[in-house]
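Hi everyone, thanks for coming. I'd like to walk you through one protein chain today, so please have a look at the screen.

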Amino acid sequence: MTLLIDSLTLPKNHTIETEVCIIGAGAAGITLAREFANQKFRVCFLESGGLEFEEDSQSLYEGENIGHSYIPLDLCRLRFFGGSTNHWGGGCWPFDKIDFEKREWIPYSGWPFDKKHLNSYYKRAQKIIQLGQYDYSSEAWEDSEKRPKLPFDAGIVVSKVTQINPLLFGEIYRDEIARATNIETFLHANVVDIETDETGQNIIRLNVTSLESNNFSVSAKVFILCAGGIENPRLLLLSDKIQKTGLGNENDLVGRFFMEHLEFWSGVVRFSDPNIITTLYSAHSVNNTLIRAALKISDETQRRKKLINASLYLSSPVENRSESFINATASKGYKSLVQIYKHLRKGSWPDNFAKNLGNMLADIDDVAIAGYKTLFKSKSRTKMYWLENNMEQTPDPESRVTLSNEQDALGQRTIQLNWKLSPIQIQNLRRSHEILGQELGRLGLGRIQITLNDESYAWLNRVKGQAHHMGTTRMHVDPKQGVVDENCKVHGLSNLYVAGSSVFPTSGRTNPTLTIVALAARLADHIKEIMS
């Protein structure tokens, strides 16, 4: 007997009585459901979409961004069983030790526990995502002849491995959840209100509907929000009948501290030896595990130099006629560079110098690709790579999610995102690149051409997010500094918990999925203890 139920088949105004209710069937929700399978308590599992992609359900993610240029919100996540694990890159590694620390140079940093506390849960998450051995050091994956790590001083620059497995949670674990005798999964079930008692301290029921207006409710002892970094705060803010500013929002923290992983191209690495082996830094399989190594400034150096964490990937070699080179030479910035160069060779000064300089600054990345490659193509057989950055975003309370005055198809207020970036991060990142460049030179490995400009910040327009929504219901033991406590329970509420990357106090430098699953496994243990 399957316990996957389309809510459209329920009688209108039906009430479901259960003990634990999970809202959202993405990585966090599915992890929790698996952990609860065949326990002695009943579980209701709600998913807004169906088993496949549906445009009408997806449209419920629509919203507005008034901050830094961002991906359209309805394209960021997927709203059907499996959530955004239905389409993700699969890159995994645990947060670094430093990511959990209180760093004096990063305001609002620090988790309620350290990396050591989470290690056992990371090992469980490793198995859930079906990755290889729980070891992300380069030493565990390198081959001294075929794929050696680059010979950096490990106290300054280190190589760390990403394991890659874009596991489709919805497909892989659907049948297992459907077979669990204590779990009922309801599809097309959209939570529109989280209702409390008169004190505002206890959740008594969820009001749920479908796009076909088939309304029902769910009462339970424990409720767990697993709807993502934007929908989690949205549901809390929408539930304002008793607490007028929204649930858990007494200190105006719900929706604040929206963080992303900043992705952009920041320079070109030119190795002195054209025969240098960089296989470890490209995607390849080792013992049936797909991996790729990245460079990062060591935790020790980050503490000493007060740096922000980032992963630096060596992207495919820059070839003379590669697509990136061809596109770069077609840019206004590169054409302006050529025009200025031709005038200077003739001993003249171009009349439109200021305009050309502006074009160059606006297209600084393209100028770097085309100009740098053109400069060296006839003089050297060196091997060159683009430097691709995945950088943590420092927590900022003004980077936030709020409700707009627009409404979705369910009559619910949609999201307004104000994504903010800080120039301080960019200055900090430039320092990281300088350290990498110094090490390349000191060791005779090569050099780096940085395409960051501290004065204009024009290149900031090229910084993009990775649809990793974090921080909007942040974790902190103090309710004046966080929405949930160290056990992911919403401050001021007795029975409402939040799972997923919205609870991250800081974002780290890597895909959040492994940490999402680890925290969900940790929360599952806590809930099972409560229910025993």
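Helix α5 spans residues 231-238, and eight of its eight residues are buried, so the helix is mostly covered. What does the covering include?

The model is predicted: local features need pLDDT of at least 70, side-chain atom pairs count only at pLDDT 80 or more, and totals for chains, interfaces and linings use all residues. Residues are numbered from 1 along each chain as its sequence is written, and side-chain values use heavy atoms, with hydrogens and water left out.

Now the overview. The protein chain has 12 helices and 21 strands; these are DSSP runs numbered from the N terminus, with helices being H or I of at least four residues and strands being E of at least two. Of the 532 residues in the chain, 59% are buried. Taking contacts (heavy atoms within 4.5 Å) with a separation of 6 or more, 74% are between residues 24 or more positions apart.

On to helix α4, residues 169-179. Its buried residues are Phe 169, Gly 170, Tyr 173, Arg 174, Ile 177 and Ala 178. They cover an arc of only 145° around the axis, which puts them on the same side of α4; the arc is that of the directions from the helix axis to the C-beta atoms. As a reminder, an α-helix has 3.6 residues a turn, so residues three or four places apart point the same way. The buried residues of α4 pack against β1 (4-6), α1, β4, α3, β8 (183-187) and α12. On the face turned away from the buried side, α4 carries the exposed residues Glu 171 and Arg 179.

Next, charges. A salt bridge here is a side-chain nitrogen of Lys or Arg within 4 Å of a carboxyl oxygen of Asp or Glu, and by this rule there are 26 of them. One of these joins Glu 19 and Arg 42, at 3.6 Å from N to O. Glu 19 lies in the loop between β2 (14-17) and β3 (20-23), and Arg 42 in the loop between α1 (27-36) and β4 (43-46), so the pair ties together parts that are 23 residues apart in sequence. Glu 19 is buried at 16% relative accessible area, whereas Arg 42 is partly exposed at 42%.

Which residues are linked in a network of salt bridges? Glu 35, Arg 124, Asp 525 and Lys 528 are. Asp 525 belongs to helix α12 (residues 513-531), so here the parts tied together are 401 residues apart in sequence.

What about disulfides, meaning pairs of cysteine sulfur atoms within 2.5 Å? The search of the whole structure finds zero. For Cys 44, the nearest cysteine sulfur is that of Cys 21, 4.3 Å away. Cys 44 is buried, at 1% relative accessibility.

Then there is Ser 315, in strand β16 (residues 310-317). Ser 315 is buried, at 14%. Leaving out residues up to four places away in sequence, Ser 315 touches Trp 265, Arg 292, Tyr 385, Trp 386 and Glu 388.

Conventions
Buried means under 20% relative accessible area, exposed over 50%, partly exposed in between (1.4 Å probe, protein chains only). A disulfide is a pair of cysteine sulfur atoms within 2.5 Å.
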